[in-house]
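This report describes the fold and packing of the structure shown below.

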Amino acid sequence: MKIKVKVNGAWREDEVEPRLLLVHYLRDVAGLTGTHIGCETSICGACTVLVNGEAVKSCTLFAVQADGAEILTIEGLAPDGQLHPLQQGFWEEHGLQCGFCTPGMILASYQLLKRNPHPSPEEIRQGLEGNLCRCTGYQHIVKAVEWAAARMSS
Amino acid sequence: MATPLLGQRVKRKEDPRLIQGRGHYVDDIQLPGMLHMAFTRSLHAHARIGSIRVAAAKAAPGVVAVYTGQDIQGQLGWVPCAAGIEGLKVPRHSCLAIDKVCYVGEPVAAVVAASGYAARDAADLIEVDYEPLPAVVNPEKALAKESPVIHEELGDNVAFVAKLAGGDCASLEADKTLKVIKARFINQRLAPVSMETRGVVANYSPGEDLLTVWSSTQVPHILKTQLAIMNSLDEARCRVIAPEVGGGFGSKLNVYGEEGMACLASRRLGRPVKWIEGRRENLQATIHGRDQINELEVYVRPDGKVVGLKCSIIADLGAYHQLLTPAIPTLTALMILGCYNIPNVFVQTTGVFTNKMATDAYRGAGRPEATYIIERVMDLVAHELNMDPVDVRMKNFPSPDDFPLALPTGVTYDTANYQRSLKKVLKAAGYSRLRKEQERLRKKGKYLGIGLSTYVEICAMGPSSRMPAGGWEFGEVRIDPTGKVTVLSGTSPHGQGEETSFAQIVADGLGIPYDDVTVYHGDTFQVPMGIGTFGSRTTAVGGTAIYQAMGRLKKKMARIAAHQLGVKPGELVFRDRRIETEDGQKSIGFAEVVAEAIFAKQLPPGIDPGLHEHSVFEPSNYTFPFGAHVAVVEVDGETGEIRLRNYYAVDDCGRVLNPMLVDGQIHGGVAQAVGQALWEELVYDENGQLITGSLMDYAVPKAHQFCWFETQNTETRTPVNPLGVKGVGEAGTIGATPAVVNAVVDALKPFGVRHIDMPLKPEKIWRILKQGVRN
């Protein structure tokens, strides 16, 4: 099937198998390997991307379901090379170790801050309950999101 | 003068690529003509393999090859085990099962196809005729005479029995003044669950006779040697690269059959072959951790002084040995005395085969079990003697002046001050206030628990005499003509952040900017030798190798500079991009000395051109980091749910090079330890089916399940290495589990609770609240 999607600001058209998962489309067809696969059951959130502004787990969406949609992946978050405040926050606050969950964590946080620009630590923890990190114990991730929230609202 | 970087909170060099999704993990590697591999895995815990029908798979679209155990017999070496234990039984462990399967998830056949989807489809078309055999999943049942024997050729299910004795436990039995406390603890089976599963790309180039392997591994050099042996290649014909690795926690300190199979397929097909593990496969067939049953007898004086400890460890090893499987429980025996100088000890460790995946090193690897045992014991002593757990611990600590301290287990602790870390954490937690609050709440029918853990771990692995593949580490520092510095390490960090801390060491030592230093690791063609990253060894052993190599380089540079300046090399210091006398009167630019060393126009006699030094550091002992943790929990009287309300940690990992990294290691380790205490458990049913086979069933903790961790440090440097660092990668996992369990048991004291086995799930607690206990 032919699909047309806008990925990180650029439209592209591709012929895909109907069963191709969005995450495999992004990684293998579009070559955007910053989106990772961690569980295949929608639990871990490593594959989180934004589809029409909503954070979705791209391992449980078919590429054809995204036909016509605008998709933002981690590669599109800093288009002009200037780090997004969330990326900067994760760096400043040591919000990552192995980095595998990080792209999904950052995009889930992106949606969180859009919905709630001044979250409390508890709200950040609740807001990220769909994203697993095995390295950090989450504390520095909470601080990273707080760091970004402070910069984005000022 | 520039501020020293060591000890500072320096941001990570690793992060810019990772926060932009520009790191390259194994699955991100694409090679021209690359094929994809998928496995058909056993559905049975124990069965004989009859015929395997592969015709449909071979005929499926895109399929290039199908392999079964018969096809690879004699063509690919066994999956290796490096553990050296006297009398150890080692079953043959084929990369694909040959005539029998021994656990659910064991690879039976492999399919290679043009795409991942095609390979998976075809793997599902393979039909295997199984003749099911009775399975044994409980290690105590596996020891019974009537048990099915998993490896008939080995006679029974006992892989080894190891005894460790110090002092004289037998003499204690006659001493009627001693109180004897008995206990039985179960340390449940866990899954490491690195967020990146395993993965491998093998690319055999027939023209060059060169096998290049990208693997998500913690030990590229060990893997290179083992894959070369398995594939009958000279090591010079085998290159292993650990690219970005998405966590390991011990699970990637291994050599797996799937890695062997990818190499075999690539060698036969002459094309690159990729295998990426699914999460379900990861839970079934990546090593598991823990899984011990501990039976204890503790001999205590009426004043709370523990004088003897006897322990039987039954270690469930699973069906086969992976790289270090049988060695892990022996570390439990080695560290069973914790931070207490108990004069008499006897530990018998029995390694048992069961129809489950192999256990092996999971963060802490045998030491969390030891800490759990001894820290639960200390609380039981307090319980039985009606003492405060703080007093029992203080009573049994050695004095800071006793170090180095030789223990009856045969290890010698380097340095410690257990009293100091315990006092510090009690102050941070407001211990006496908490006890008063607990009293108040109890009167209102609310249950607050306060749990302590004072731990010591064995780290910086380790002296080569005690390590199967050697315990040294390699480091290299070279200065390029432009004055920029390249550092190579034989370690293989995968999230811990040593690209940063190694650069701090070198930038400080050479007096140059942090940005001028680039650290590489993980490629066996780039780094000539190495052991890897595990056992909290990377900075203590690997960092020291780099520090020593840098020292040699500085010596050489000082000689060149001294020749130019007309002073003695010993008078020179490296600072602010200059090499100069302490008073700054005689001074030469770092870049000038580099140019002189490399362009070699006026070198002093006897000095070779170039700035390129390496060192192999062999530690004289392990290091023994320690700390004290306090967990505060609330029990929900209605649901039995445990809420972790506060967590206080004081850790002593020796000298702190980067407090931000140390905090990160502690947080992550504590989170995993709390996961074990409260939620995580791999469950097999009695037929050996894995019940917790996805992340919907295996409870990896989420952000909202944790409270804020309040962390502090004390610094007791070690003399074992010149940096004074001890290691911190496993501290949280080793220290925190008993703190949480002690807190929950403490909360439930009014119900007569003496012990509860982990994980402390709400249903277990609810039953106690509603029905009381029977112990």
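## Sheet and covering helix

In this predicted model, helix H16 (residues 538–565) of chain B lies across E19, strand E20 (485–489) and E25 of chain B, at about 140 degrees to E25(B). Contact means heavy atoms within 4.5 Å. Axes are lines fitted to C-alpha atoms, for helices over the stretch in contact, and angles run from 0 to 180 degrees between N-to-C directions. Helices (H or I, at least four residues) and strands (E, at least two) are DSSP runs, numbered from the N terminus.

The open sheet has four strands in the order E21-E20-E19-E25 (chain B), with mixed pairing; two strands pair if DSSP finds at least two bridges between them. Strand E21 (517–521) and strand E25 (612–617) of chain B form the edges, each pairing on one side only. From one strand to the next the twist averages 15 degrees. Strand E19 (residues 473–479) of chain B runs antiparallel to E25(B), joined by six bridges. Gly475(B) has Ser615(B) in E25(B) as its bridge partner.

## Basis of the model

Local features need pLDDT of at least 70 and side-chain atom pairs count only at pLDDT 80 or more, while totals for chains, interfaces and linings use all residues. Residues are numbered from 1 along each chain as its sequence is written, chains are lettered from A and ligands numbered from 1 in the order in which they are written, and side-chain values use heavy atoms, leaving out hydrogens and water.

## Nonpolar cores

A nonpolar core is a set of buried Ala, Val, Leu, Ile, Met, Phe, Trp, Tyr and Cys residues joined through side-chain atoms within 4.5 Å; buried means under 20% relative accessible area (1.4 Å probe, protein chains only). The largest has 225 residues, and Phe90(A), Met261(B), Tyr413(B) and Tyr647(B) have the most contacts inside it. Helix H19 (residues 731–747) of chain B gives the largest share of this core, ten residues. Another core, of 47 residues, lies apart from it and includes Ile560(B) and Leu572(B).

Leaving aside neighbours within four places in sequence, the contacts of Tyr647(B) include Trp708(B), Phe709(B), Ala736(B) and Val740(B).

## Chain B overall

Chain B has 20 helices and 28 strands. Its radius of gyration, taken over C-alpha atoms, is 27 Å, close to the 28 Å that the globule rule gives for 775 residues, so chain B is as compact as a globular protein of that length. The rule is 2.2 Å times the number of residues to the power 0.38. Of the 775 residues, 65% count as buried.

Terms used: Buried < 20%, exposed > 50% of the residue type's maximum accessible area, 1.4 Å probe, protein only.
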